[in-house]
Structures are given as C-alpha cells and as structure tokens.
Amino acid sequence: MLVERHPETAAASTLVLRVADWPGHLAGQHVDVRLTAEDGYQAVRSYSLAAPADGDQVEVTVQRTDGGEVSPFLADDLADGDAVEVRGPLGGWFVWRPETPGPVLLVAAGSGVVPLMAMVRARAGASRAPFRLVHSVRTPDDRIYGAELRRRVAEDAGLDVTWIYTRKAPDEDRRGTGRLQPEDLAAHGWPPDFEPTCYVCGPTGFVEAAAAMLLAAGHDPDRVRTERFGG
Amino acid sequence: MSIVTRGFRGRREGADDRLPPGQYLTHDFPVLSAGPTPVVSRDEWTFTVRSEGGERRTWSWAELTALPVEEVTVDIHCVTRWSRLDTVWRGVSLDALLEDVESAADFALVHSHGGYTTNLPLEDLLDGQAWIAFEHDGDDLSPEHGGPARLLVPHLYFWKSAKWVSGIDLLVQDEPGFWEQLGYHDYGDPWREQRYQGD
C-alpha cells in the first residue's frame, strides 16, 4: 500500500510502500510490482529498492518512461492508500553487504543510481568501507538524490560523489559535457590494485561501455557486477 | 487472489496467445548479464562435453561449424518479462554434439567463459530443443548477446540459454547453476511462470 510519494526529479518519483511481513532485504535487491485492473488484466515490472527497509516500509524510485504502461501510472496516478502487489526481495548477485570489507566503486547512468543509492544508504553507520559514486546524468536537474548525496558527502569523508553531465553541465563544472570516459573513472574511481568491488547499473549501452573501461583499466572481471535495464 | 489497483487500466498492446503469462512483447533485444561482457575470440573458443564418467569431448570453432548447421525460428522469453517472437538463429543442434557421448546422466550443468553456469535436465537439451547458436537475425552473434556462441534453449526462460558457452557437464545428480543458487527456478518453464524457487 502506498504511504508516501515524493518527487526526486521532473521524471522520477520515490514511492514508500508498506508491505505486510516484509522480511528485510540487501542493498541492491529489487521487487516485482504487480498491478491488476478491475477486469483482471495484469502488468508486472521490476523496481530496485532504493533504501534499507524501515520496518515494513520499503522505498522504490520510479523513472517515468514516456508512453510506458506502468511507470507513469506509478509515478503520477497511484494515490496514498492505493494497493499494489509487491513480491520480493529478489536478486542475490547485484548486492552489497555491510560486512564486506574493501572499497566500493559505484557507476550509474540515469535511474541506474537507485540500487547504488540503497548501498550508499546501507553503508551509513554500518560500514567504514570507502565508497565512490560516479553518476552520469543529462543535466543538473536529472541528479536523482542530488541534495541528499551532497549532504552525505559533506558529512562523511568516506564517500565521494562525482556527476558526469552528458548534455548540460553546471557553469562551474570544468569537465564540460560528454559521455563517460576512461579518464573519468581513472580520476574519480579506484585504481585496480585497491581491488574495489565495482557495481555498474544503467541502460545496456552505458553498462557495456563502463564495464569495458573498467576491464581495460585492469579491474578483475570477477569484481565487476552489472545490472542492465532497457533495450 | 489478486488485489485490484484502483484506477489501473493498462495498455494491453502486444497481447498475443504466444506470450506466456506475465510477459510483454518487445521488438528490440535487451541485454542481461551479471558481469562484464567477456571477449572470446573464435580462435580460442572451444566447447567441451564432459560425461559423468570423466570422458571429455572438445570441439574447436572450425570443428563446430563443420557440423550440420540448422536455421531455427523461435520465440524467446526472459525472466525479466520481455519476450520476442520469431527470432531467427543459426547453430548446431545439441543432438549432433551429444550423439557420440556415452552417458547415463539425467542432468546438465552448462558452463560459460567468464564463469557463468546454469543447470537443466539433459532431456531438455535433446530431440531438437537446443542448439549452440552463433548467428542471430542474419548476423554473427555479438559479444553482448553471447558471441561467439551461446546455448539456445528457447522453451525455457532465457537465462538457461547461457551466453559465451564453453561446455556442458553431464551429471547424475542435479547441481544448481549461478542464478539457480540465487533463488531462481531450477527448471524455468515460462508457460508455468517458474521464475523463482517455489513457483
């Protein structure tokens, strides 16, 4: 049941759902959300969990897909108190556990930051593993969780966040615009001999490119975990 | 029993009796992999069948493609809920690869370059149900879709169709593969919606 919704960007909203008997979950896991129409028609989509569970409340962040069947309904139309079916937690590979030692590199494009944000939030207070997040966005307005990440960085020496802008950068950003480059990961990631665990999430083209850059830089393929969405 | 979500109508396009329950139709070809795309050249590619008795049989790329090549048109169904209809593949039937292998095994554990594994009953690889595929829709299979060659078992969810396939172990006892150890179904029949363990 929806208990709260707040906008993250013009295109993305976070939904807080109350799920009876929620067993808890790991950062990086996802849920299947099933919607049923009055005549029995059903549609199911997977969404990454955005934060550790708060009792029986879980958060997902939904990026509206233009013309999509499910995401515009969830992001705009679902009202407080409305019921959806949630199955999960699902997925046991693209996860980070607070007891895992060693540095972590998070690389995301667009709403691919959602499961990585769950890791950033799960780390706070539970682990001292140093985290670096590189997030590729179109414009400054597309920084999902931007304000919270800036606050966390200011309070926490163990967390660094870099935004890569593909269309429009803030005036003070000296990098300018353009897709993620190997130099970006060299400057803002970890060297391979630090043996970071790398999590890469985003659209297929981005994940293929970023994972290939990490391998070319010398990262062990066994420490690069990927999650791709879209075509 | 399902809970009705107030106000939800859905779009219902792509409804088709060739779509298993819970699937939607897509026309592009999404990529799902747990890690980076391994780069495997045809020169170094091999495919090895190992029987439960330890007998090994290995094919090089040249040996594989010298076997009779079949063209098949099949529907494919990914556990992440997309389906594609009438996809065209060229490859070698597993019947041709397994016909000379002496085995009483009931199960298969498929291995990939890069370490991926998946398990399925051996009988699901036989009788014209499975191929080592190396061409898709008229082109060489691209690395992100499993090239140089992948397993193709279209009657099961597509994670069983291991990309970058490197070999098959024939086993007397079932042994769960990569996703199967992480909560996904041992068999994975899309028509019975066997997505996760317990389905």
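**Terms set against values**

Guide: The side chain of B:Arg195 has a relative accessible area of 1%, and B:Arg195 is therefore classed as buried. The model is a predicted one.

Visitor: What makes B:Glu193 partly exposed?

Guide: B:Glu193 has a relative accessible area of 26%. Buried requires under 20% and exposed requires over 50%, so a value in between is called partly exposed.

Visitor: Why is the pair B:Arg195 and B:Glu193 called a salt bridge?

Guide: The side chains of B:Arg195 and B:Glu193 meet at 2.8 Å, N to O. The cut-off for a salt bridge is 4 Å between a side-chain nitrogen of Lys or Arg and a carboxyl oxygen of Asp or Glu, so the term applies.

Visitor: Which residues are linked with B:Glu193 and B:Arg195 in a network of salt bridges?

Guide: The network also holds A:Asp32 and B:Arg81. Between B:Arg81 and A:Asp32, the closest N and O atoms are 3.0 Å apart, and the limit is 4 Å, so this pair is a salt bridge as well.

Visitor: How many salt bridges are counted between chain A and chain B?

Guide: The count between the two chains is three. Over all chains, the rule gives 27 salt bridges.

Visitor: What else describes the interface of chain A and chain B?

Guide: The rule finds 17 residue pairs in polar contact across this interface, both residues being at pLDDT 80 or more.

Visitor: Why is B:Lys160 with B:Glu180 said to tie together parts that are apart in sequence?

Guide: The closest N and O atoms of B:Lys160 and B:Glu180 are 2.8 Å apart, in a salt bridge. B:Lys160 lies in the loop between strand S10 (150-152) and strand S11 (165-171) of chain B, whereas B:Glu180 is in helix H3 (residues 178-181) of chain B, so the pair ties together parts 20 residues apart in sequence. Both B:Lys160 and B:Glu180 are buried.

Visitor: How do you know that A:Asp220 is partly exposed?

Guide: The relative accessibility of A:Asp220 is 30%. The cut-off is 4 Å, so the pair is counted.

Visitor: What makes A:Thr9 buried?

Guide: A:Thr9 has 12% relative accessibility, and buried means under 20%, so the term applies. A:Thr9 is found in the loop between strand S1 (2-7) and strand S2 (12-18) of chain A. The side chain of A:Thr9 reaches the backbone nitrogen of A:Ala12 at 3.1 Å. Leaving aside neighbours within four places in sequence, A:Thr9 is in contact with A:Asp141, A:Asp142, A:Arg143 and A:Ile144.

Visitor: Which domains does the assignment give for chain A?

Guide: The assignment gives domain 1 (2-90) and domain 2 (104-229). The contact between these domains takes 14 residues from domain 1 of chain A and 14 residues from domain 2 of chain A. The area buried between them is about 1100 Å², of which carbon and sulfur atoms give 62%. In domain 1 of chain A, the residues that lose the most area to domain 2 of chain A are A:Thr9, A:Ala27 and A:Ala50, together 34% of what that side buries.

Visitor: Why are the side chains of A:Glu59 and A:Arg121 said to meet in a salt bridge?

Guide: The N to O distance between A:Glu59 and A:Arg121 is 3.7 Å. The limit is 4 Å, so the pair qualifies. Across the interface of domain 1 and domain 2 of chain A, the rule finds one salt bridge.

Technical notes:
Residues are numbered from 1 along each chain as its sequence is written. Chains are lettered from A and ligands numbered from 1 in the order in which they are written. This is a predicted model: local features need pLDDT of at least 70, side-chain atom pairs count only at pLDDT 80 or more; totals for chains, interfaces and linings use all residues. Side-chain values use heavy atoms; hydrogens and water are left out. Helices (H or I, at least four residues) and strands (E, at least two) are DSSP runs, numbered from the N terminus. Buried means under 20% relative accessible area, exposed over 50%, partly exposed in between (1.4 Å probe, protein chains only). A polar contact is a pair of N or O atoms within 3.5 Å; within protein, one must be able to donate a hydrogen and the other to accept it, and residues adjacent in sequence count only if both atoms are side-chain atoms. Contact means heavy atoms within 4.5 Å. Domain bounds come from an automatic or database domain assignment. Buried area is the accessible area (1.4 Å probe) that two parts lose on being put together, summed over both.
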